[in-house]
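Okay everyone, thanks for coming.

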Amino acid sequence: MTIKTVGVVGCGLMGSGIAQVCAASGYKTIVREVGDVVLQKGLGRVKKFLDDGVAKGKVAPEARDTTLANLSGTTTFEALKDCDLIIEAIVENLDEKRQIYAGLETVVGAHTIFLSNTSSLCITELAASTKRPDKFGGLHFFNPVPIMKLVEVIRALTTSDETYQTVFAFAQSLGKEPITAPDRPGFIVNRLLVPYLLDAIRAYENGLGTLEDIDKGMKLGCGYPMGPFTLLDFVGLDTTYYIANIMFEEFREPAYAPPPLLKRMVLAGRMGRKSGRGFYSYEK
Ligand code: CAA
Ligand code: NAD
C-alpha cells in the first residue's frame, strides 16, 4: 500500500515531533488539535526546532521550507478524510483515544491505517474498539522525536501482515530504526525504563540523595545523557503517572506502582518542563 498523506492527532510534545518527521520525509501531513491556541503552540514548536536546526547548520534552509510547506494544522476531523495513515498521539487515556478513533471513522476511507503512539496501553484493546482491527497497530516514537532514532512497531493480535509490513516500511521511510515489540505494557523500552524512573523517585523520597546528586550520579557514573529527574521532567510527570498506573494495573507488581510523590506533583500541576515546573524549575 502506498502512503502519501499522513494525519497526526495531537500536537503536544510527541505529536508535534511526529508531524515534523513525517513532513520532513515528504509526506503531506495534517495535524489535528482540540483548539487553535494549542495547535499554534505545537506548530510553533516545529518551526522553532527547524529554525534552530538551520542556525546550527544541521538543517538546510530548503529542507526547513519544504517541511513547513508539507505540514498543515486543523481542529476538525473532516480535514483528515484523505489520509492513508493516521498516528494518534493524544493524552495517555483509553477513553479519550477511543473517542478519537470513533470520530476519525466517520470521515476516513476503509483503507486508512490507524496507529497509536501510546506508551503503555494495550494495542489489541485499542484495535478492538475500532471497525478496522486488522488495520490498526502501535507505532511508538521516542522523545525528542526528530532526534531519537528508535521506533517500536507493535502488532495487535488482529493486525494483518500487510498492515504490519506497511507500518514497518513507513517507519524506515521516516529515517527511523524500527524494532518489533510485543503488545505488553511498556513494550520493550518502557518495560525497562519506567521501573527505573519510578525507583529513582522512591529512592529520593527515602533520602538517597539530592535531586542534583542522583542525576549527576547516573549521568557521570553511567554515561546516561540525562539523570532520572531531568528525564522525568522531559517526558512529563503527568504522562509518566498515567503510564505507571496503566502498567501497574496490568502487571500488579510494586515496581510499576506510581510513587506517592509523583501523584502529588501531578495534582499540584507540576508536570515538568512543559508546565514550567517539575522536579526542577524552568520558569524564566
Ligand atoms: N535540528 C537538528 N538537529 C538538532 C537540533 C535541531 N534543532 N537540535 C539538536 N540537534 C542535534 C544536535 O546537532 C546533535 O547532533 P549530533 O549528535 O550529530 O551532534 C543531537 O541533535 C543532540 O543535540 P544536542 O547536542 O544539542 O543535545 P544533547 O547532546 O544535550 O542531547 C538529547 C539532547 C538528545 C535530548 C539527550 O539529552 C538525550 O538523549 N536525552 C535522553 C532522551 C531520552 O531518554 N528519551 C526517551 C524518553 S522515554 C520515551 O520517549 C518513551 C515514552 O513512552 C515515555
Ligand atoms: P502532551 O500532553 O504533550 O500532548 C498531548 C496533546 O494531545 C495535547 O496537546 C492535547 O491538547 C492533545 N489532545 C488531547 N485530546 C485531543 C483530541 N481529542 N484531539 C486532538 N488532540 C488532543 O503529551 P505527549 O507527551 O505528547 O504524549 C502523547 C502520547 O504519546 C501519549 O499517549 C504518551 O503516552 C505518548 N508518548 C509520550 C512520550 C513522552 O516522552 N512524553 C514518549 C512516547 C510516547
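**A walk around ligand 2**

Let's start with one contact: a polar side-chain atom of Glu92 sits 2.6 Å from an oxygen atom of ligand 2. Before going on, keep in mind that this is a predicted model.

So how much of ligand 2 does the protein bury? On its own, ligand 2 exposes 830 Å², and the protein buries 87% of that. Which elements give two or more residues to the shell around it? Those are helix 1 (13-24), helix 4 (94-105) and strand 6 (136-141).

There are 24 residues around ligand 2, and Met14, Arg32, Glu33, Glu92 and Ser119 come nearest. Arg32 has a polar side-chain atom 2.7 Å from a nitrogen atom of ligand 2.

Now, on to salt bridges. Side chains of opposite charge can pair when their charged atoms come close. The count here comes to 14 salt bridges.

Glu92 shows up again: Lys97 forms a salt bridge with Glu92, with the closest N and O atoms 3.7 Å apart. Both Lys97 and Glu92 are buried.

Next, take Arg132 and Glu105, whose closest N and O atoms are 3.1 Å apart in their salt bridge. Arg132 is in the loop between helix 5 (123-128) and strand 6, while Glu105 is in helix 4, so this pair ties together parts that are 27 residues apart in sequence. Are these two buried or exposed? Arg132 counts as buried at 8% relative accessibility, and Glu105 is buried too, at 15%.

Here's another pair: the side chains of Lys274 and Asp238 meet in a salt bridge at 3.0 Å, N to O. This one links distant parts of the chain, with Lys274 in the segment after helix 11 and Asp238 in helix 10, 36 residues apart. Lys274 counts as partly exposed, with 40% relative accessibility, whereas Asp238 counts as buried at 11%. There's also a network, where salt bridges that share partners join Lys47, Asp51, Arg64 and Asp65.

Last stop: the backbone. Most residues other than glycine have a negative phi, and most peptide bonds are trans. So which residues here have a positive phi although they are not glycine? Phe187 is one of them, at about 55 degrees, and Arg252 also has a phi of about 55 degrees.

Phe187 is in the loop between strand 8 (177-181) and helix 7 (189-205). Arg252 is in the loop between helix 10 (237-251) and helix 11 (260-267). Phe187 has a relative accessible area of 4%, and since buried means under 20%, it counts as buried. Arg252 is at 55%, and exposed means over 50%, so it counts as exposed.

And what joins Asn143 and Pro144? A cis peptide bond, with omega at about 5 degrees. You'll find Pro144 in the loop between strand 6 and strand 7 (150-155).

Definitions and conventions
Residues are numbered from 1 along each chain as its sequence is written. Chains are lettered from A and ligands numbered from 1 in the order in which they are written. This is a predicted model: local features need pLDDT of at least 70, side-chain atom pairs count only at pLDDT 80 or more; totals for chains, interfaces and linings use all residues. Side-chain values use heavy atoms; hydrogens and water are left out. A residue is near a molecule or strand if one of its heavy atoms lies within 4 Å of it. A polar contact is a pair of N or O atoms within 3.5 Å; within protein, one must be able to donate a hydrogen and the other to accept it, and residues adjacent in sequence count only if both atoms are side-chain atoms. Accessible areas come from the Shrake-Rupley method with a 1.4 Å probe; for residues, only the protein chains shown count as cover. Helices (H or I, at least four residues) and strands (E, at least two) are DSSP runs, numbered from the N terminus. Buried means under 20% relative accessible area, exposed over 50%, partly exposed in between (1.4 Å probe, protein chains only). A salt bridge is a side-chain nitrogen of Lys or Arg within 4 Å of a carboxyl oxygen of Asp or Glu.
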